[in-house]
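Here's a quick briefing to read alongside the model. Have the viewer open and follow along.

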Amino acid sequence: MYTDNRAQGLTLFWQSIWARAYPRIFGMLRERSWMFFDTFLPLLGTLSYVFVYRAIQAPEEYIGFVVVGGAMTAFWLNMLWSMASQLYWDKDMGNLELYVVSPAPLPAILLGMAIGGLVNTTMRATAIIVVCSLLFAVPYEPGSLILLLMVFIVTMTALYGMGMLFASVFLASGREAWHMANLLQEPIYLASGFFFPVRALGFWFATFASILPLTLGLDAMRQLLFADAVTLRFLPVEVELGLLVVSSVVFISTAMLALAKLEERGRREGRLIERRR
Amino acid sequence: MRDDAAIVVQDVNRIYKVRGPKRRSDPQEVTALADVNLDVKRGELFGLLGPNGAGKTTLIKILATLLLPSSGTALVDGFDVVKEQKAIRRRISMVSGGETSGYGLLTVEENLWMFARLYGLDNKTAKERIDSMLKLMGLADRRRTKIADLSTGLRQKMNFIRGFISDPSVVFLDEPTLGLDVGAARDVRAFVEEWMDDRPDRTMVLTTHYMAEADELCDRIAIIDRGRIIACDTPENLKRSLKEETVFHLKVAPLGKRPEANEHRIEAVHGVRRVSTTEVNGHTEVTLILETEEALAGVIGHLEARGSNLLSLEKQEPSLEDVFVRMVGRSLSVDTSQRDE
């Protein structure tokens with residue numbers, strides 16, 4: 001039988017992360033058609049922007065901007081649909097009840113979902129970058145690779161902190177949150193500057209949009225990958241990295257508080273057990 | 001809390017607020033549990049018996065820390081369901097009938113491994129338990145089948161293994177044989193009995209609306225109706241409470257579409273204590289609880305006067321179904337959630 005000492009500890013936390021990541025990783029590998037369409041369709045979207053920029057004879061570095069933006073779109077979609085919305089499906093299938101009843105900490109479950117999704121999405125993002133870079137001979141001129149890696153890791157941390165926050169909202173609501181995720185998709189393509197430098201939106205709008213980790217993350221990564229991007233930057237890389245660290249702390253700590261609060265509300269209002277698709 | 005009590009429920013109420021289709025309409029309050037009091041002893045297989053909508057699942061979900069009571073106190077293994085849910089979750093498990101949990105693209109053993117890890121089992125122990133329980137439940141040859149390809153019965157067997165793999169102190173089984181064929185339901189019941197026999201310190205709470213299941217498995221049964229516990233005793237004592245009375249089951253030509261009115265008319269016949277009617281395949285089945293056998297003639301006369309001929313008649317030893325009819329005034333098959341709406 002299970003003992004208290006065993007259940008409370010890091011062991012259970014790590015075990016829960018890997019246990020929940022497992023179906024995300026291996027489920028996806030077993031459904032090859034998902035992998036194909038999940039890679040092919042965003043690739044088409046990225047290609048269409050490349051051809052638009054080519055047609056209007058935009059500066060060549062814009063092509064690289066679009067390719068990096070296209071790859072990062074995958075992470076945004078994964079966070080929004082495969083993490084926050086997954087919890088909605090888990091609730092509908094009855095898995096959420098079993099997670100809540102188990103001693104596994106909910107943040108570990110969400111982290112497992114995030115890491116599982118991250119593995120798949122990294123494959124998809126890599127495919128977009130490799131295919132587009134080969135097709136269009138994207139002129140990368142990377143600066144500090146260490147800084148680039150740091151920006152990527154901190155952006156992902158902030159992004160998945162935001163995902164945990166969304167997921168906690170899904171815990172206490174349901175279909176309303178599902179609609180919210182739908183609503184968020186396209187405006188965020190615009191606000192985060194996926195396919196153009198965010199500076200084009202104007203300083204104040206870009207500042208407002210910086211609440212999204214991808215806005216700052218993309219701008220910083222572009223600066224670190226393309227030498228000419230400095231002229232199109234929103235803020236210096238160091239400032240953006242600092243702001244992303246702050247975002248990570250804020251999103252993760254808010255998400256932890258929200259998870260605890262909304263689980264309690266879910267228990268009070270009976271929302272953890274409702275199924276109303 | 002008493003040392004031998006695994007579960008203590010004191011004055012628990014649960015009220016749901018239900019909104020109508022108009023968003024701005026005031027929510028309506030529906031009472032799912034009203035002043036529920038229960039003690040379940042350690043080592044006991046305790047049954048909650050009642051029709052759909054009686055409040056059984058609500059009580060289970062409160063004890064399993066998925067729902068908060070609106071008022072009252074509930075303790076599981078000595079821990080409060082409101083404030084000490086983490087301690088409770090390390091000790092319990094839950095299996096519901098008709099569960100669709102798990103991930104269809106994963107195999108049976110992968111799904112079980114995933115849940116075992118969520119309960120903190122190390123890899124070796126998880127694999128050993130999965131092996132032995134798959135064999136015990138007759139699922140060993142399906143270990144590498146994706147669960148999306150399993151039949152309802154096999155999937156429920158897998159859910160059972162999932163529920164018991166952590167070797168919990170207290171297990172909640174909510175309608176565990178719902179929708180299963182006779183063979184699968186028998187396997188599940190056999191597993192439950194064996195598990196409890198092998199572990200005298202473990203406790204199980206079972207909700208069901210199958211009388212035979214409750215009668216066969218449970219040490220004690222609480223009959224619950226419209227959110228209230230109306231009786232709680234061993235199956236034998238509950239049935240003994242009807243020994244003074246006589247129970248008949250009749251099949252008669254259809255009585256019509258107003259069962260409650262029909263029951264009231266029959267109950268007005270001298271010597272009739274309780275009546276329950278159910279429409280089945282073009283005839284009406286009537287359960288009669290009579291003070292003495294002599295009252296039967298009056299009932300048959302009444303039915304014939306209403307043009308409903310007697311098709312068959314059987315005198316029976318009191319069953320739990322009869323106990324329920326005696327106490328509640330209707331059959332267990334009646335869905336009270338629909339009557340409440």
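How many residues does the contact take from chain B and from chain A? It takes 26 from chain B and 32 from chain A, with two residues in contact if their C-beta atoms, placed from the backbone, lie within 7 Å. Bear in mind that this is a predicted model, where local features need pLDDT of at least 70, side-chain atom pairs count only at pLDDT 80 or more, and totals for chains, interfaces and linings use all residues. Residues are numbered from 1 along each chain as its sequence is written, while chains are lettered from A and ligands numbered from 1 in the order in which they are written.

**Chain B's side of the contact**

- The elements of chain B that give two or more residues to the side touching chain A are strand E6 (92-96) and helix H3 (108-118); helices (H or I, at least four residues) and strands (E, at least two) are DSSP runs, numbered from the N terminus.
- H3(B) supplies the largest share of that side, 4 residues.
- By class, the side of chain B that touches chain A splits into 14 nonpolar, 6 polar and 6 charged residues. Here Ala, Val, Leu, Ile, Met, Phe, Trp, Tyr, Cys and Pro count as nonpolar, Asp, Glu, Lys and Arg as charged, and the others, Gly among them, as polar.

**Domains of chain B**

- Chain B is divided into domain 1 (5-235) and domain 2 (244-317), with bounds that come from an automatic or database domain assignment.
- The C-alpha centres of these two domains of chain B lie 37 Å apart.

- An open sheet of 4 strands runs in the order E2-E1-E4-E5 (chain B), with antiparallel pairing; two strands pair if DSSP finds at least two bridges between them.
- Strands E2 (28-41) and E5 (79-80) of chain B are at the edges, each with a single partner strand, so one side of each has no neighbour in the sheet.
- E1 (residues 5-18) and E4 (residues 71-76) of chain B pair over 5 bridges in the antiparallel sense, and B:Ile7 stands opposite B:Val76 in E4(B).
- Strands E9 (residues 220-225) and E10 (residues 228-233) of chain B run antiparallel, joined by 5 bridges. In their hairpin, which has 2 residues between the strands, B:Arg226 takes a positive phi near 50 degrees.

**Sheet E12-E13-E11-E14, chain B**

- Another open sheet of 4 strands has the order E12-E13-E11-E14 (chain B), again with antiparallel pairing.
- Its twist averages 15 degrees from one strand to the next; angles run from 0 to 180 degrees between N-to-C directions, and axes are lines fitted to C-alpha atoms, for helices over the stretch in contact.
- E11 (residues 246-252) is joined to E13 (residues 283-290) of chain B by 7 bridges, with B:Leu250 opposite B:Val286 in E13(B).
- E11(B) also pairs with E14 (residues 310-316) of chain B over 6 bridges, where B:Phe248 has B:Lys315 as its bridge partner.
- Helix H10 (residues 295-305) of chain B lies across E11, E12, E13 and E14 of chain B, at about 150 degrees to E13(B).
- Helix H11 (residues 320-328) of chain B lies across E11, E12 and E13 of chain B, at about 75 degrees to E13(B).

**Helix packing in chain A**

- The axes of H3 (residues 32-55) and H6 (residues 106-136) of chain A come within 10 Å and cross at roughly 40 degrees.
- That makes H3(A) oblique to H6(A), given that angles under 35 degrees count as roughly parallel, over 145 as roughly antiparallel, 65 to 115 as roughly perpendicular and the rest as oblique.
- The contact of H3(A) with H6(A) has 8 nonpolar, 2 polar and 2 charged residues.
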